[in-house]
Amino acid sequence: MNKKVRYLFGIFLTISMGTILMWFLCCNVNTIDPPREVIPAVESQEIFSINEDGTILLTNSDRFIFNNSDFTIVSPISTTINEGIEKLKTYLSQENHSNKVITITGLYDISENNPSAFPNLGIARANAVKNYFVSKEINSKKISITGKQQIGLADDSLTYKEFVIYSIGDQQNQEINILKETINKDPLVLYFKNAQTSINLSIEQRKKIANISRYLDKVDGTSITIEGHTDAIGDRSTNINIGYIRANFLKEYFVSNGIAESKIKIASRGPDVPIASNVTKEGRSKNRRVIIILNQDNNSQN
């Protein structure tokens, strides 16, 4: 074998060995599947499955979601939630469950702001869910709402958060009578400064609004009249209009917080029904007010 032949043979051998090594080190290794993370299966739960103790089970993916410091339900709402509500409606409508009510407890974190008319964001969230149930034809008299503080609820993650919890129990008619007595004994009255047509509500005033909302839900034929009053300074027709504006401000506030507009009436008495003298500054400040009055049809029952 001459020198030229040996040189060509060496090149061929080098190329062949390189090809074999490349196939072994690259291609062959990739034929082995990399290790995969094992994800445990999640046991499916029937939404609104009712236990013997009255607790209700929901799947993690089928919950009402709320944003931080807000009481508006985040859309879209899953199909399985609506299917579960149908099952719940059937359960509550059965004759042997005629005395059953569902309690919706809204959760909130102390660090969240409360933009609602209710004493806390939990009650506002429960009220939003209640209104959704009512839109699905569950009788509002079958629903009770409350709020509960939950530490660590307000973080950046919304996944699998439990903003609302549910339970089933017996209806307490005595509660309705006590609620009516409480509202009538200490009615909600808001006072306004001169020419003022809006107001920030106190915690105590928000509690009264929550009581009014609950009573309207529980008792058929009930409504409220929001009645605006003014002092006697200025033109009467102007004061009548100011009274309407004040009453309408509160009506819009109620409606924005889930109280049915059909259950709210507004009226203005202007300066015609003073409760104090308009001669003094103190008396005029007492006359600038809005009163919430409970109405009930003669045919309705407590």
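Tutor: Contact means heavy atoms within 4.5 Å. By that rule, and leaving aside neighbours within four places in sequence, Lys218 is in contact with Ser140, Lys141, Ile143, Ser144 and Ile176. This is a predicted model, in which local features need pLDDT of at least 70 and side-chain atom pairs pLDDT 80 or more, while totals for chains, interfaces and linings use all residues. Residues are numbered from 1 along each chain as its sequence is written, and side-chain values use heavy atoms, without hydrogens and water.

Student: Where does Lys218 lie, and why does Lys218 count as buried?

Tutor: Lys218 belongs to helix H5 (helices, H or I of at least four residues, and strands, E of at least two, are DSSP runs numbered from the N terminus). Its relative accessibility is 11%, and buried means under 20% relative accessible area, exposed over 50%, and partly exposed in between, with a 1.4 Å probe and protein chains only. Lys218 therefore counts as buried.

Student: What makes the pair of Phe64 and Tyr132 edge-to-face?

Tutor: Rings of Phe, Tyr and Trp (its six-membered ring) pair if their centres lie within 6.5 Å; planes under 30 degrees apart are stacked, over 60 edge-to-face, and the rest tilted. For Phe64 and Tyr132 the centres are 5.7 Å apart and the planes stand at 70°, so the pair is edge-to-face. Phe64 lies in the loop between strand S2 (56–57) and helix H2 (79–93), and Tyr132 in helix H3 (residues 121–135), so the pair ties together parts 68 residues apart in sequence. Both Phe64 and Tyr132 are buried.

Student: How are the rings of Phe133 and Tyr166 arranged, stacked or edge-to-face?

Tutor: Phe133 and Tyr166 are stacked, with 6.2 Å from centre to centre and 15° between the planes. Phe133 is in helix H3 and Tyr166 in strand S5 (residues 164–170), so this pair ties together parts 33 residues apart in sequence. Phe133 is buried at 0% relative accessibility, and Tyr166 is buried at 8%. Phe64, Tyr132, Phe133 and Tyr166 form one aromatic cluster.

Student: Why do strands S6 and S8 stand at the edges of their sheet?

Tutor: The sheet is open, with 4 strands in the order S6-S9-S7-S8 and mixed pairing (two strands pair if DSSP finds at least two bridges between them). S6 (189–191) and S8 (264–270) each have a single partner strand, so one side of each is left without a neighbour in the sheet. Strands S7 (residues 222–229) and S9 (residues 289–296) run antiparallel and are joined by 8 bridges. His229 stands opposite Arg289 in S9.

Student: How do you know that the buried residues of H2 line one face?

Tutor: The buried residues of H2 are Ile81, Gly84, Ile85, Leu88, Lys89, Tyr91 and Leu92. Seen down the axis of H2, they fall within an arc of 160°, so they line one face of the helix (the arc is that of the directions from the helix axis to the C-beta atoms). On the other side of H2, Thr79 and Ser93 are exposed.

Student: What span does H2 reach?

Tutor: H2 has 15 residues and reaches 21 Å from its first C-alpha to its last, close to the 21 Å expected (1.5 Å times one less than the number of residues).
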